[in-house]
Amino acid sequence: MSEQDAGQTMSLEQAVEAIEALIDEGELEEASAKVEAGIAQFGEKAALLVLKADLALDSEDYEACIEVADAAIAKLEAGGDEPDAEQLAHALACKGYALFYSDQIHEARQTFNASVAADGGSWTAILGRASVHDYLNYITAAMTDLERAIEMDDEDGQPYAIRGMIHLRFGRLEDAEKDLRVALDADADDEESRLNLARIQALKDDSAGARETLEHLINEGEDAEYVAPGALLRSQLALGLGSAEAAAQDAQRAIDLYPELPWGYLALAAARITGGQAGDAISTLKEVEDLVGNPLDFPDIFALRAAAYDQLGKEDKAKEEQDKAEGAARLPEFVYGPNLNPSQNVPLNPNKPIDIRGIMRQIFGDPDSAPAGYEDAIRKVIAQIPQYIEQHQNVGRIEVELPPIPGREKGPGNLVIQLNRNQQPAN
């Protein structure tokens, strides 16, 4: 009997089992072809439509996934008898994920709720709902779903990865590290968990552990969103060991991944300063300025250039550059992420601790979209703060009313400043 004849005599149940096996093996193109062949042979049966929705989700065709899932749900609910709970839950879960990835968050939550109601044992739906709850910052609900998912299957790494990220956001680093390690034990290719574990290790001064964790990410990683900061983290760790050449190589890896962004160039400049190549560092920082438009948005440029000029013995130029820096460095947030940023609120220049361009970014999104003259207006207000502090020696916290925005009825609010009386201004 030929393979074609065998396919014609295969039952619907056998066809579904064969397609599920192909999906489990990652043979998605063949699975998709078998689904279409099955529909041609048996018609649009719900079991085949559920698999088609699953495959559309995997290929990130979310619109098609929702359409096919809806067709499967309609068939299952119109069947007369009790619908197959597992198939209905699966179809709803596919639709829930497609809605979630399409930024239809509340619709996704409703759909996952329906999936869990159809089959309380649907691990996929419970995990999907946990992701939605996490996104909505419904942390108690997210943690409840994640713990339930772990009880159902404690060998899959996904719920540990999500829970680890929640712990990370709330500063529970020990709990985060435990969960991220379990996630990596289950899936060594979980690039986000690997990067965040390395970040935690680096902050705990476990340089060797962090470099070991990063090796797989940098060598085998595929997503630049994680590989680039991973390479820059390893670059910084190399600088801590005095290995300027290794640091420069990893900085160059980040440049290759993101040539239009400043982060790799900033790290390369730091590596060149460490390696005694101050002139080359200054040239690299000129490249950064050409990329970013307004260097005030990246005060790292001034701090690094000051260090380079200091290395060249040009003290006046070093001081001039250092005096231009305001606010905190930007590179550490890219390397460590916003939750672990070690330089957050630590000014590069004690004389200019307030990040004026950052304030404008919060108000307008793009600082350069502010009305003409508004940046100067903020700077005039900020310039009055030292005099106010001098006149009010015992004040520990002040509020500064930001200038009104032309054309807007509502003002931008107040800038709250917590004073650190132990910090001495730079000479």
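Figure 1. The model shown here, as in every view below, is predicted. Glu 13 is located in helix 2. On the surface, Glu 13 belongs to a patch of negative charge that also contains Glu 17, Glu 20, Asp 24, Glu 25, Glu 27, Glu 30, Asp 84 and Glu 86. Helix 2, which spans residues 12–24, supplies four residues, the largest share of this patch.

**Figure 2. Two loop residues with positive phi.** Most residues other than glycine have a negative phi. Asn 137, which is not a glycine, has a positive phi near 65 degrees. Asn 137 sits in the loop between helix 8 (123–135) and helix 9 (139–152). Asp 205 also has a positive phi, of about 65 degrees, and is not a glycine. The loop that holds Asp 205 runs between helix 12 (191–203) and helix 13 (207–220). Asp 205 is exposed, its relative accessible area being 71%.

**Figure 3. The surroundings of Arg 129.** Arg 129 lies in helix 8. This residue is buried, since its relative accessible area of 13% falls under 20%. Apart from neighbours within four places in sequence, Arg 129 is in contact with Phe 112, Asn 113, Val 116, Asp 145 and Arg 148.

Figure 4. Side chains of opposite charge can pair when their charged atoms come close. Lys 319 and Asp 323 form such a salt bridge, with their closest N and O atoms 3.0 Å apart. Both residues lie in helix 19 (residues 315–324), where they are four residues apart, about one turn of the helix. Lys 319 is partly exposed, at 43% relative accessible area, and Asp 323 is partly exposed, at 27%.

**Figure 5. Salt bridges between separate parts of the chain.** Arg 361 forms a salt bridge with Asp 297, and the closest N and O atoms are 3.1 Å apart. Arg 361 is in helix 21 (residues 356–364), whereas Asp 297 is in the loop between helix 17 (278–292) and helix 18 (300–311), so the pair ties together parts 64 residues apart in sequence. Arg 361 is partly exposed, at 31% relative accessibility, while Asp 297 is buried, at 9%. A further salt bridge joins the side chains of Glu 375 and Arg 357 (2.9 Å, N to O). This pair links helix 22 (residues 374–383), which holds Glu 375, to helix 21, which holds Arg 357. Glu 375 and Arg 357 are both buried. Through shared partners, salt bridges join Asp 297, Glu 326, Arg 357, Arg 361, Asp 368, Glu 375 and Arg 379 into one network.

Key: Residues numbered from 1 in each chain as written. Predicted model: local features only at pLDDT ≥ 70, side-chain atom pairs only at ≥ 80, totals over all residues. Heavy atoms only, no water. Patch = residues over 30% accessible without salt bridge, like charges linked within 9 Å, V, L, I, M, F, W, Y side chains within 5 Å. Areas by Shrake-Rupley, 256 points an atom, 1.4 Å probe, with all protein chains shown as cover. Salt bridge = Lys/Arg side-chain N within 4 Å of Asp/Glu carboxyl O. Lys, Arg positive; Asp, Glu negative; His and termini not counted. Charge placed at Lys NZ, Arg CZ, Asp CG, Glu CD. Buried < 20%, exposed > 50% of the residue type's maximum accessible area, 1.4 Å probe, protein only. Contact = heavy atoms within 4.5 Å.
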